[in-house]
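Take a moment with the structure shown next. The paragraphs after it walk through its parts in turn.

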Amino acid sequence: MPVAIITGITGQDGSYLAELLLGKGYQVIGMVRRSSTVTMERLQHIQDDIIITQGDLHDQSSMVALIEEYKPDEVYNLAAQSFVPTSWSQPLLTAEATGLGVTRILEAIRLVNSQIKFYQASSSEMFGKVVEVPQNEDTPFYPRSPYGVAKLYGHWITVNYRESFDMFACSGILFNHESPRRGLEFVTRKITNTVAKIKMGLTRELRLGNLEAQRDWGFAGDYVQAMWMMLQHPRAESFVIGTGETHSVREFCEVAFGAVDLNYQDYVVQDPRFYRPAEVDLLISDPAKANTELGWKNKTTFRELVEMMVAADLQRLSTNPQGTR
Ligand code: NAP
Ligand code: F7E
């Protein structure tokens, strides 16, 4: 039975990846940081099938102990401080966790068993103020937030350990991916959750920042398959994963409100509190390499994604108004 460790298993992607790997017959070990409350909401349905163990990206020895104890075949590093606005208010924490945390786990692998395959969750935020449209594996980087800068460090240290120590270390440069399990502060889920609340008469407006920002949004369930495919590929490389389409926040609102027969213009209020010190205006992927070399294809359309998220929020609010999923 292959063994996989997932850091960040309590997050959106961690829960989908755990489901995928269990379905493929893996023993799944999830690293979670110590917390005073339970953060297992996304894992309730598979909690009995996985092993949960404590560890923290800030703590080198917990990483070494984890690798020594569970002897994994594969390690997926999904843990990070992942919310871009927080990276301006907590830039050093972001650098420590999202950046240096990658070196800590790579070092643990190198010291214990350098044959273990490693996946790093890199991000389209590294392209930032894009110098090329669309963005592929060879597009130069220009990050626009402390988060993007930290991810860029994580990406390059992954490439460097691959080249320095011949480790099977992959960097997946994933464009935005969403789902009904997306955290409530990210714009897609903020929109679909508020649309559902408005439809049910629980609130009357949706306050947002920049409506013109454009993103390449896909479905997280499709993207975790690409993570696994990268580690089954004959060579460790970097891959761009995205849909190849871009849509604005305004367009997301239009489709989300439209899904419940409402007009977004009647409810959306622009609020300067949600503008960023530096914005990423346009992201659009060129996933040709993943399509041909991995055989990975995006399956969910933009409209299907938005409608799936609105439907899930309506369903959740009608049965469990306090829960987040
Ligand atoms: P997410 O929902 O925010 O999950 C982040 C995970 O990291 C959570 O499990 C969190 O644990 C954990 N974590 C945070 N700090 C930690 C620490 N110091 N030690 C151990 N664990 C820690 O993120 P996601 O959307 O699933 O994304 C997964 C990864 O892909 C992240 O690295 C993100 O930056 C990257 N990424 C995401 C996207 C996207 O569009 N979703 C695109 C490109 C790259 P708690 O539950 O305890 O908070
Ligand atoms: O913002 C605009 C905002 O916070 C998307 C993370 O998973 O994907 C994510 O980063 C856009 C931005 O995601 C609001 O200005 C407008 O242009 O949903 P987001 P993100 O910053 O793109 C990348 C790939 C990651 O790697 C990250 O971990 O939407 N926007 N109004 C807003 N954004 C938020 N959050 N809230 C608003 O009210």
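Predicted model: local features only at pLDDT ≥ 70, side-chain atom pairs only at ≥ 80, totals over all residues.

Which residues are the closest to ligand 2? Among the 22 residues that surround ligand 2, they are Ser82, Ser123, Tyr147, Arg276 and Glu279. A residue belongs to such a shell if one of its heavy atoms lies within 4 Å of the molecule.

Residues are numbered from 1 along each chain as its sequence is written, chains are lettered from A and ligands numbered from 1 in the order in which they are written, and side-chain values use heavy atoms, with hydrogens and water left out.

Stay with ligand 2. An N or O atom in the side chain of tyrosine 147 is 2.6 Å from an oxygen atom of ligand 2. A polar side-chain atom of glutamate 279 also lies 2.6 Å from an oxygen atom of ligand 2. For arginine 215, a polar side-chain atom lies 2.9 Å from a ligand 2 oxygen atom. A polar contact is a pair of N or O atoms within 3.5 Å; within protein, one must be able to donate a hydrogen and the other to accept it, and residues adjacent in sequence count only if both atoms are side-chain atoms. On its own, ligand 2 has 710 Å² of accessible area, and the protein covers 95% of that. Such areas come from the Shrake-Rupley method with a 1.4 Å probe; for residues, only the protein chains shown count as cover.

What classes of residue make up the shell around ligand 2? The shell has nine nonpolar, six polar and seven charged residues. Here Ala, Val, Leu, Ile, Met, Phe, Trp, Tyr, Cys and Pro count as nonpolar, Asp, Glu, Lys and Arg as charged, and the others, Gly among them, as polar.

Why does ligand 2 lie between domain 1 and domain 2? Ligand 2 lies between them because both domains give residues to its shell. The domain assignment gives domain 1 as 3–177 + 217–241 and domain 2 as 183–215 + 245–281 + 300–319. These bounds come from an automatic or database domain assignment. The domain centres, taken over C-alpha atoms, are separated by 27 Å. Across the boundary, 14 residues of domain 1 are in contact with 20 residues of domain 2. Contact means heavy atoms within 4.5 Å.

Now turn to ligand 1. Around it are 25 residues, and Thr10, Asp13, Arg33, Ser82 and Tyr147 come nearest. A side-chain N or O atom of tyrosine 147 is 2.6 Å from an oxygen atom of ligand 1. A backbone N or O atom of aspartate 13 lies 2.8 Å from a ligand 1 oxygen atom. For leucine 78, a polar backbone atom is 2.9 Å from an oxygen atom of ligand 1. Taken alone, ligand 1 exposes 900 Å², of which the protein buries 89%. Two or more residues of this shell come from each of α1 (12–23), β5 (117–123) and α5 (146–165). The largest share, three residues, is from β5. Helices (H or I, at least four residues) and strands (E, at least two) are DSSP runs, numbered from the N terminus. By class, the ligand 1 shell has nine nonpolar, eleven polar and five charged residues.

Next comes helix α8, residues 249–258. Val249, Phe252, Cys253, Val255, Ala256 and Phe257 are buried there. Buried means under 20% relative accessible area, exposed over 50%, and partly exposed in between (1.4 Å probe, protein chains only). The buried residues of α8 pack against α6 (187–199), β8 (206–208), β12 (247–248), β13 (268–270) and α10 (302–319). Valine 249 counts as buried because its relative accessibility is 6%. Leaving aside neighbours within four places in sequence, valine 249 is in contact with residues including Val187, Ile191, Leu208 and Trp217. Valine 249 and arginine 215 are 34 residues apart in sequence, but 7.7 Å apart in space, C-alpha to C-alpha.

Finish at glutamate 205, in the loop between α6 and β8. Is glutamate 205 buried or partly exposed? Glutamate 205 counts as partly exposed, because its relative accessibility is 35%. Its side chain makes a polar contact of 2.7 Å with the side chain of arginine 207.
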